[in-house]
Amino acid sequence: MFLFRFKRTLKLGVKSLWMHRLRSTLTMLGIIFGVSSVVAMLAIGEGASRDAQEKISQLGSRNIIVKTISPPEDKSSVGQQQTLKEYGLTYDDAERFRGAIPNVRVLVPNRRISKQALYRNSRISIEVIGTVPWYPEISPLRVKYGRFITSIDTHYKQAVCVVDEFVRKELFAFDDPLGQNVKIGGDYYRVIGISTAEKSTTSASQDNSGDNGGGANVGKIYIPLTTAQTRFGDTTLQVGAGGSPTLERVELQEIIIQSQSIDQVLSTRRSVQTVLSRFHKKNDYEIIVPLELMKRAKDVQRIFTIVLGSIAAISLLVGGIGIMNIMMATVSERTREIGIRRALGARKRDIIMQFLSETLILTLCGGVLGMGVGSLVPALVTYFGQMRTVITPGSLIMAFGISAAVGIAFGIYPAYRAANMDPIESLRHE
Amino acid sequence: MIDNNQKPTNGDAILVMKQLCKNYQLGTVELRVLREINITINSGEYVAIMGPSGSGKSTLLNMIGCLDRPSSGSYLLGGQDVSQLEDDDLSAIRGARIGFVFQSFNLIAQLNVIENIEIPMFYQSYGEAESAERAMKLADMVGLGDRMKHRPSELSGGQQQRVAIARALANDPLIILADEPTGNLDSGSGADILGILDRLHGEEKTLIVVTHDENIATHAQRVIRLFDGRVAEDTYNYHKG
């Protein structure tokens, strides 16, 4: 019985809407755009958020990264050309961290130098990273073939290196790199391992323009830190912005400290700050805490979602108002039908159900179509805009729920108006 | 609520109006449209209600049809006082006990013949199959068995009015209440409709027809004439008796 009533009401609604196809379609468009913008905006927002969080979590949530930056005073003073600029983190800093900060699990001093790598006839720009054997513990870097640097390599300052996937592809197009010798600077290094390509850690923080970190598309070659120290020294010749060469002496580009647990990250960060401020008069370092970045990214993300959500909500609101407008017109157009139905035994709630179901059919169809369009838009954004987008089931459920809510919210008043018409008046209506 | 199963036997009073008045407030003026109407209509009667414009015919029709509530007095329909019922209860009474036939047919344009006949049953507790079966039988009865899937716009005026009569019979009401049923029809179709009404009278249905048309009055068994909101004349056509 109830099912029949439901079926009949639905059928009647579809029939009435079908009588005014163009009008129904146009009305539905409002909801389609509204819902699809909700879905698309949420997908884009979610994609951006996951991207940022992934980048940050690659830095390691327990890590504290201390980076060398060129101190701002030196950049501004024009008179000090051709002099030796000495700044940045030192081996002493690493020792001090090791000695003074509790709860440190791993400490990795890194030396990063931009160089050219040569193998047979190919030559590419790479970044040489002088590091310690336990570097893989604090980074997402994994050795796929061969091995990583060992303490023996470090101790004997061996000329060995681990190349990443990127270098393997660019430099060793047809050969197995393991055991081959690569020329970096003036020396040959034997390849002992191939690692996964590490995304450039520096791109996660915005203010690192002074770094030699390079973009994501620079291959990386890992050598023992001691080897880097002896072979390359600490001094590099840099060509400054004005074309004048400067000598820079930097011992370490970064020191990565991993605390024992997430709870201790912030206290460790304070200790690092204390130690550094004691020995560094110039502001030649920055401390990056991925955990804090992650928190900040989440805050930004929340605001982003709220803004996108309200834009989408406004378009849904406009769609809803459109529906209400049309339903008001429909009700007054069908005054006579309402009168007939009332005379034939329809109660007020029957009339309400009839018009409400029409609105709901419009909004729910619009909602479903909007979900379709809304899922398509992020795909296009990903394809053409190279942006990551993620459609979560939650956002689809929400979009559907919202369209149903809009249907009820904007359908109830016209339906109520219809139900409260005087049957005698409406029967007389032409 | 409404017990429609107990059919009154022929001759029982199914419509009793006592001292029924209807007033409208027009600004400061009170318009007395119906004044102390006393009518009793028995089951199986064929009654014509007549009167000039402004005599209160339409208002009385609305009263009988439970579309409006009287200002004072009582109205018993099938033994139940319906004069002070709530809106939803009035809807239910209309659906179950009154079968309306209008001057302008009042079919719903987007529905076909069968679906139009089914409307009153939809608002009562009929099942899907039951409702469809009954609608087909009624369509057959008014001679539209071959046009069940047609829309009102595809039918002639006379055919539309026949659909309306079938629709009025859908819930097997106590009273069939017709408002100028031939008013929009040519004389041929009008005669058809009157023929159907006669047939229904022969089947002992209770018919109340509100009309200007003296011709209809000759078909009826009893004529009630209104003048200035009062019953001016209540006569029986004994030749029909």
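**Figure 1. Helix 10 meets helix 12 in chain A, in a right-handed crossing.** The axes of helix 10 (residues 290-333) and helix 12 of chain A come within 11 Å, and the crossing angle is roughly 145°. From helix 10 of chain A, the contact takes in A:Ile323, A:Met327 and A:Val331. Helix 12 of chain A answers with A:Phe355, A:Thr359, A:Leu362 and A:Thr363. Sort the residues of this contact by class and you get five nonpolar, two polar and no charged.

**Figure 2. Chain A comes with two assigned domains.** Domain 1 of chain A is put together from residues 2-55 and 296-428, while domain 2 of chain A covers 70-283. Between the C-alpha centres of domain 1 and domain 2 of chain A there are 56 Å.

**Figure 3. Where chain A touches chain B.** Here 19 residues of chain A are in contact with 23 residues of chain B. Four helices of chain A each bring at least two residues to the side that touches chain B: helix 1 (2-19), helix 11 (335-343), helix 12 (348-385) and helix 14 (423-428). On that side of chain A, nine residues are nonpolar, two are polar and eight are charged. For the complex, the predictor reports an ipTM of 0.92 and a pTM of 0.72.

**Figure 4. A four-stranded open sheet in chain B.** Read across the sheet, the strands of chain B run in the order 2-1-4-5, with antiparallel pairing. Strand 2 (29-42) and strand 5 (80-81) of chain B sit at the edges with a single partner strand each, so one side of each has no neighbour in the sheet. Zoom in on strand 1 (residues 13-26) and strand 2 of chain B, and you find an antiparallel pair held over ten bridges. One bridge to pick out is that of B:Tyr24, whose partner in strand 2 of chain B is B:Leu31.

**Figure 5. A six-stranded open sheet in chain B, with mixed pairing.** The strand order for this one is 6-7-8-3-9-10 in chain B. Strand 6 (98-101) and strand 10 (230-236) of chain B are the edge strands, and each pairs on one side only. From one strand to the next, the twist averages 20°. Helix 5 (residues 157-169) of chain B packs on the sheet, where it touches strand 6 and strand 7 (175-179) of chain B. The direction of helix 5 makes about 170° with that of strand 6 of chain B. Within the sheet, strand 3 (residues 46-50) and strand 9 (residues 222-227) of chain B pair in the parallel sense over four bridges. Look for B:Val47 there: it stands opposite B:Arg222 in strand 9 of chain B.

**Figure 6. Helix 3 and helix 5 of chain B, another right-handed crossing.** The axes of helix 3 (residues 113-122) and helix 5 of chain B come within 7 Å and cross at roughly 35°. On the helix 3 side of this chain B contact are B:Val113, B:Asn116, B:Ile117, B:Ile119 and B:Pro120. The helix 5 side of chain B is made up of B:Val163, B:Ala166 and B:Arg167. By class, this contact of helix 3 with helix 5 of chain B has six nonpolar residues, one polar and one charged.

Figure 7. Where pLDDT is low, the predicted coordinates should not be read in detail.

Definitions and conventions. Residues are numbered from 1 along each chain as its sequence is written. Chains are lettered from A and ligands numbered from 1 in the order in which they are written. This is a predicted model: local features need pLDDT of at least 70, side-chain atom pairs count only at pLDDT 80 or more; totals for chains, interfaces and linings use all residues. Two residues are in contact if their C-beta atoms, placed from the backbone, lie within 7 Å. Ala, Val, Leu, Ile, Met, Phe, Trp, Tyr, Cys and Pro count as nonpolar, Asp, Glu, Lys and Arg as charged, and the others, Gly among them, as polar. Two strands pair if DSSP finds at least two bridges between them. Domain bounds come from an automatic or database domain assignment. Axes are lines fitted to C-alpha atoms, for helices over the stretch in contact, and angles run from 0 to 180 degrees between N-to-C directions. A crossing is left-handed if the near helix is turned anticlockwise from the far one by less than a right angle, and right-handed if clockwise.
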